[in-house]
Amino acid sequence: MSAIAELSLKDRILEILSHVPDPEIPCVSVVDLGIVREVRGTTLVITPTYTGCPATIAIEQDIRAALDRASMSLIKIETTLSPPWTTDWISEEGRAKLRAYGIAPPAKGAAKHSLREAPAECPRCGSLHTEELSRFGSTPCKALHRCLDCREPFDRFKCH
Ligand SMILES: [Zn+2]
């Protein structure tokens, strides 16, 4: 396969997967989340998000189904856990979509540098004057926060 053909196959796969939503947060695609790592020949390499999160099984099934629907049954899905997925892989577009959906994206770099999480930014008013109410939000991947300025509770992606 030539380099050009590989590139276009990769582009086609990315285009298909950009329409596969995250099972828990349908506003972002698996591409936005950075789950899709690379296309090597006819192998698609993905790194699931939160290990132990039931959504990760659904994500692989959804990707498989989307590829099959696009007559790409020959594409193999390979799962790699190394390096582990981090919230830093969420694209800028993905972060903007999360904010629009009312979920605070994780602080960038917090996972990589194992820093304490920076204050959550309120997705509604942008205030950093927020507090964590609970480590457990609507799903195990999110923590429940509240904005002290506009008083709205919101979910935030946990960093890791
Ligand atoms: Zn606010």
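Start with the open sheet of 4 strands, whose order is β4-β7-β6-β5, with mixed pairing. Strands here are DSSP runs of E with at least two residues, helices are runs of H or I with at least four residues, and both are numbered from the N terminus. Two strands pair if DSSP finds at least two bridges between them. The model is predicted: local features need pLDDT of at least 70, side-chain atom pairs count only at pLDDT 80 or more, and totals for chains, interfaces and linings use all residues. Residues are numbered from 1 along each chain as its sequence is written, and side-chain values use heavy atoms, with hydrogens and water left out.

**Stop 1**

Strands of a sheet pair through backbone hydrogen bonds, either parallel or antiparallel.

To see a bridge, pick E132 and its partner in β6, H145.

Next select β7, residues 153-157. It is antiparallel to β6, with 5 bridges between them; R146 and P153 are bridge partners here. On its other pairing, β7 runs parallel to β4, with 2 bridges, and D155 in β7 stands opposite I103.

Is β7 mostly covered or mostly open? It is mostly covered, as 4 of its 5 residues are buried. Buried means under 20% relative accessible area, exposed means over 50%, and partly exposed lies in between (1.4 Å probe, protein chains only).

**Stop 2**

Select R151, in the loop between β6 and β7. The hairpin of these two strands has 5 residues between them. R151 has a positive phi near 70 degrees, although it is not a glycine. Its relative accessible area is 53%, so R151 counts as exposed.

**Stop 1: the zinc ion**

Select the zinc ion and the residues around it. Which atoms coordinate the zinc ion? They are the SG atoms of C122, C125, C147 and C150, at 2.3 Å. Donors are N, O and S atoms within 2.8 Å of the metal (3.2 Å for Na, K and Ca); water is not among the atoms, so sites may look incomplete.

Along the chain, the donors follow the spacing C-x2-C-x21-C-x2-C. The 4 donor atoms subtend angles of 103 to 123 degrees, so the arrangement is tetrahedral. Four donors count as tetrahedral if all angles lie between 85 and 135 degrees.

Compare two of these cysteines by cover. C147 is buried, at 0% relative accessible area, whereas C150 is partly exposed at 30%.

**Stop 2: the nonpolar cores**

Select I13, L17, V30, L44, I63, L67 and F157. They have the most contacts inside the largest nonpolar core, which has 26 residues. The elements that give two or more residues to this core are α1 (3-17), β1 (36-40), β2 (43-46) and α2 (55-69). A separate second core of 5 residues includes A104, A120, C122 and C147. A nonpolar core is a set of buried Ala, Val, Leu, Ile, Met, Phe, Trp, Tyr and Cys residues joined through side-chain atoms within 4.5 Å. In soluble globular proteins, nonpolar side chains tend to be buried together.

Go back to L67. Leaving out residues up to four places away in sequence, L67 touches I13, L44, M72, S73, I75 and I77. Contact means heavy atoms within 4.5 Å.

**Stop 5**

Select P21, in the loop between α1 and β1. P21 is partly exposed, at 38% relative accessibility. Beyond four places in sequence, P21 touches P26, V28, S29, V30 and D62.

Move to S71, in the loop between α2 and β3. S71 is not a glycine, but has a positive phi of about 55 degrees. S71 is exposed, with a relative accessible area of 64%.

Then find P83, in the loop between β3 (76-79) and α3 (92-100). The peptide bond joining S82 and P83 is cis, with omega about -5 degrees.

**Last stop: the whole chain**

How many helices and strands does it have? There are 3 helices and 7 strands, and from the N terminus on they run α-β-β-α-β-α-β-β-β-β. Of the 160 residues, 42% count as buried.

Conventions. Four donors count as tetrahedral if all angles lie between 85 and 135 degrees; four count as square planar and six as octahedral if opposite donors are over 155 degrees apart and all others between 65 and 115; anything else is irregular.
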